[in-house]
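User: Please take me through the aromatic contacts and one stretch of strand pairing in this model, with the cut-offs stated as you go.

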Amino acid sequence: MDQVEFINGKTRLYGIVGDPIEQVRSPEMVTWEMQRRQHNAVLVPLHVAREEFDSVMTDIMRIRNLDGLIFTIPFKVKAASLAKSLGPQATQIGAINALKKNQDGLWQGEIFDGIGCVEAFKRRAIPIHGQRLQLIGLGGAGSAICVALAYEKPKLMRLFDIDPQAIARMVELVKLISPQTLVETGVAHAEGIDILLNASPVGMLKDNRLPLDVKQFNQDLVVFDAIVMPENTPLLTLAMQCGCTVVRGREMMLGQIAKIVDYFFET
């Protein structure tokens, strides 16, 4: 019988939890990074329904060879309650996207979305410091991105979310992190903006909507979309048609994969 080398009875299991889940690229990318580092481990997609999250996760976390979980939409905020302790960014934001089982059997959580977003811009040599930003979406990923961007000291941050409490909370955090940054709220737009960032799920999979009401962009605008699938979302497609520089969700994912694998295997 033919055999494969990347999985066997001693393989340590990691999962990515979401609803939906078919859009994620983490299983192949994180597994490749773990295998490249010669860890006997794989990451598998786990489709957990929103209404079943609390009951299902309790049982999943009892699996003996499960050492860690990654969380995607819509569970990043809710998953924080699964952790016995939180890392510094997760404590500040109140959300996680990585949960690991420590040697004592207790679970610890942290969030890496913001770190990955900033890393994607750095790899492209696109400055954030001193720039004017519009950020759409302040959920688990969006709040992490918001905090990480604030640490880069932009000139202006304009924030939009459908949840007014999320907006108010992020406004206070940005002011605390970067007092010199002007913070605005209101309907999302791209006028007078240098970088437009979408951290909402609008445009995911077969959703053809745009996250803001716009028909054309100035070609000097930089447009980022945190969505990984499709790679060219409706927002990025429009931006490319207008000649804008685009930064894709896959680039953010690459920016945080090494950090997440470090986190999973650090002692």
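**Aromatic pairs and parallel strands**

Analyst: A search of the whole structure finds 7 aromatic pairs, where rings of Phe, Tyr and Trp (its six-membered ring) pair if their centres lie within 6.5 Å, and planes under 30 degrees apart count as stacked, over 60 as edge-to-face and the rest as tilted. This is a predicted model, in which local features need pLDDT of at least 70, side-chain atom pairs count only at pLDDT 80 or more, and totals for chains, interfaces and linings use all residues. Residues are numbered from 1 along each chain as its sequence is written, and side-chain values use heavy atoms, with hydrogens and water left out.

User: Is the pair of Tyr14 and Phe264 stacked, edge-to-face or tilted?

Analyst: The ring centres of Tyr14 and Phe264 are 4.8 Å apart. Their planes stand at 40°, so the pair is tilted.

User: How many residues apart in sequence are the parts that this pair ties together?

Analyst: Helices (H or I, at least four residues) and strands (E, at least two) are DSSP runs, numbered from the N terminus. Tyr14 lies in strand β1 (residues 12-18) and Phe264 in helix α8 (residues 249-265), so the parts tied together are apart in sequence by 250 residues.

User: Is Phe265, which also pairs with Tyr14, buried, partly exposed or exposed?

Analyst: The rings of Tyr14 and Phe265 have their centres 5.6 Å apart and their planes at 45°, so this pair is tilted. Buried means under 20% relative accessible area, exposed over 50%, and partly exposed in between (1.4 Å probe, protein chains only). Tyr14 at 3% counts as buried, as does Phe264 at 8%, whereas Phe265, with a relative accessible area of 26%, is partly exposed.

User: Over the ring of which residue does the charged end of Lys100 sit?

Analyst: A charge sits over a ring if NZ of Lys or CZ of Arg is within 6 Å of the ring centre and within 35 degrees of the ring normal. One aromatic cluster is formed by Tyr14, Phe112, Tyr263, Phe264 and Phe265. The charged end of Lys100 is 4.4 Å from the centre of the ring it sits over, that of Tyr263.

User: Which residue in β12 is the bridge partner of Val222?

Analyst: Two strands pair if DSSP finds at least two bridges between them. Strand β11 (residues 222-225) runs parallel to strand β10 (residues 195-198), with 4 bridges, and parallel to strand β12 (residues 245-247), with 3 bridges. In β12, the bridge partner of Val222 is Thr245.
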